[in-house]
Amino acid sequence: MNMKINALMREDQGKGASRRLRREEKVPAIVYGSGKDPSAITLNIHEITHLLENDEAFTSVLDLEIDKKTEPVIIKDLQRHPAKNCITHVDLLRIDMKQTIITNIPLIFIGEEENEAIRLGAILNQFINSVEVSCLPADMPNGIDVDISGLAIDEHISLTGISMPEGVTLIALTHGDIETHDQSVVAVQEPKLMAEEVEEEIVDAEGEEGEEGEEGEEGAEGEEGGDNKTDDDKAGGDKAGGDSGSN
């Protein structure tokens, strides 16, 4: 399925220009790569928001149209407003359909309803949810299926156990020492064992917080009565916040 992005070139850049664009329901963006100079562009907020409601847009080759010229791109980075969750900036990467690309692809765990151990109360523990792969743009999958229907308690699937689509290579398994990089992807565990692991994580976290608190008290005692900073020193410690969505 072809997905299209309409864009306009823009010359005004900077924080002020980006704010004005957002007030006009437009999104500042940049497209780069493929040996060409980066181009500052503008997207329609409603169009890009609607496009990204489809999760496949993040793992698909998109047709970017600027001034009636179309070129293939993929979404490289996306920024959202921390409170409103609206899109504030988009980075698009030009691609050559004849050259391989490296990207992250989500894992899709299938067969949970057919897994007998899970039906009897066992817990599915997912260690990673995506993998880095190398492939030609035309071979890029929207997701990689991991069948867990036959997993019994204490069994797991590692990277080498994933059935990869044709033409797609796992980057982690191209480093020579496969055993070192062959990490576990998913496992089926007893509920008790899972609960013990969670409890250990909580205890460890509380221990770290306690140590940090003690260090903070010691630091406070050492600074007591010793605040001799000038007004200039104090003013120098202030920092100004930036517009995370500006170029």
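Colleague: Why does Ser34 count as partly exposed?

Modeller: Keep in mind that this is a predicted model. Ser34 has a relative accessibility of 44%. Buried would need under 20% and exposed over 50%, so a value in between is called partly exposed. Ser34 sits in the loop between β2 (26-33) and β3.

Colleague: What is the phi of Ser34, a residue that is not a glycine?

Modeller: Its phi is positive, about 60 degrees. Asp154 has a positive phi too, of about 75 degrees, and Asp154 is not a glycine either.

Colleague: Where is Asp154, then, and what makes it exposed?

Modeller: Asp154 is in the loop between β10 (144-147) and β11 (156-158). Its relative accessible area is 57%. The cut-off for exposed is over 50%, so Asp154 gets that label.

Colleague: Which residues is Val90 in contact with, leaving aside neighbours within four places in sequence?

Modeller: Val90 is in contact with Val27, Pro28, Ala29, Ile30, Leu43, Asp77 and Leu78. To call that a contact, heavy atoms have to be within 4.5 Å.

Colleague: How far apart are Val90 and Ile48 in sequence and in space?

Modeller: They're 42 residues apart in sequence, and their C-alpha atoms are 9.4 Å apart in space.

Colleague: Let's do charges. How many salt bridges does the structure hold?

Modeller: Three. One of them pairs Lys4 with Glu65.

Colleague: How do you know that Lys4 and Glu65 form a salt bridge?

Modeller: Their closest N and O atoms are 2.8 Å apart. The rule asks for a side-chain nitrogen of Lys or Arg within 4 Å of a carboxyl oxygen of Asp or Glu, so this pair passes. The pair links distant parts of the chain, with Lys4 in strand β1 (residues 3-9) and Glu65 in strand β4 (residues 62-66), 61 residues apart. Lys4 itself is partly exposed, at 44% relative accessible area.

Colleague: What makes Lys36 and Glu71 a salt bridge?

Modeller: Here the closest N and O atoms are 3.5 Å apart, and that is within the 4 Å limit, so the pair qualifies. Lys36 lies in strand β3 (residues 36-44) and Glu71 in strand β5 (residues 69-80), so their bridge ties together parts that are 35 residues apart in sequence.

Colleague: Are Lys36 and Glu71 buried or partly exposed?

Modeller: Lys36 is partly exposed, with a relative accessible area of 49%. Glu71 has 16%, which is under 20%, so Glu71 counts as buried.

Colleague: Which residue does Glu71 meet in a salt bridge at 3.3 Å, N to O?

Modeller: That's Arg94. Glu71 lies in strand β5 and Arg94 in strand β6, so this bridge ties together parts 23 residues apart in sequence. Both Glu71 and Arg94 are buried. Through shared partners, salt bridges join Lys36, Glu71 and Arg94 into one network.

Colleague: Last one. Which residues form the negative surface patch, and why is Glu113 called exposed?

Modeller: The patch is formed by Glu112, Glu113, Glu114, Asp145 and Asp147. Asp and Glu count as negative, so the patch is called negative. Glu113 has a relative accessible area of 68%. That is over 50%, so Glu113 is exposed. Glu113 lies in the loop between β7 (101-110) and α3 (116-119).

Conventions: Residues are numbered from 1 along each chain as its sequence is written. This is a predicted model: local features need pLDDT of at least 70, side-chain atom pairs count only at pLDDT 80 or more; totals for chains, interfaces and linings use all residues. Side-chain values use heavy atoms; hydrogens and water are left out. Patches are made of residues with over 30% relative accessible area and no salt bridge: like charges are joined within 9 Å, nonpolar side chains (Val, Leu, Ile, Met, Phe, Trp, Tyr) within 5 Å. Accessible areas come from the Shrake-Rupley method with a 1.4 Å probe; for residues, only the protein chains shown count as cover. The place of a charge is taken as NZ of Lys, CZ of Arg, CG of Asp or CD of Glu. Helices (H or I, at least four residues) and strands (E, at least two) are DSSP runs, numbered from the N terminus. Buried means under 20% relative accessible area, exposed over 50%, partly exposed in between (1.4 Å probe, protein chains only).
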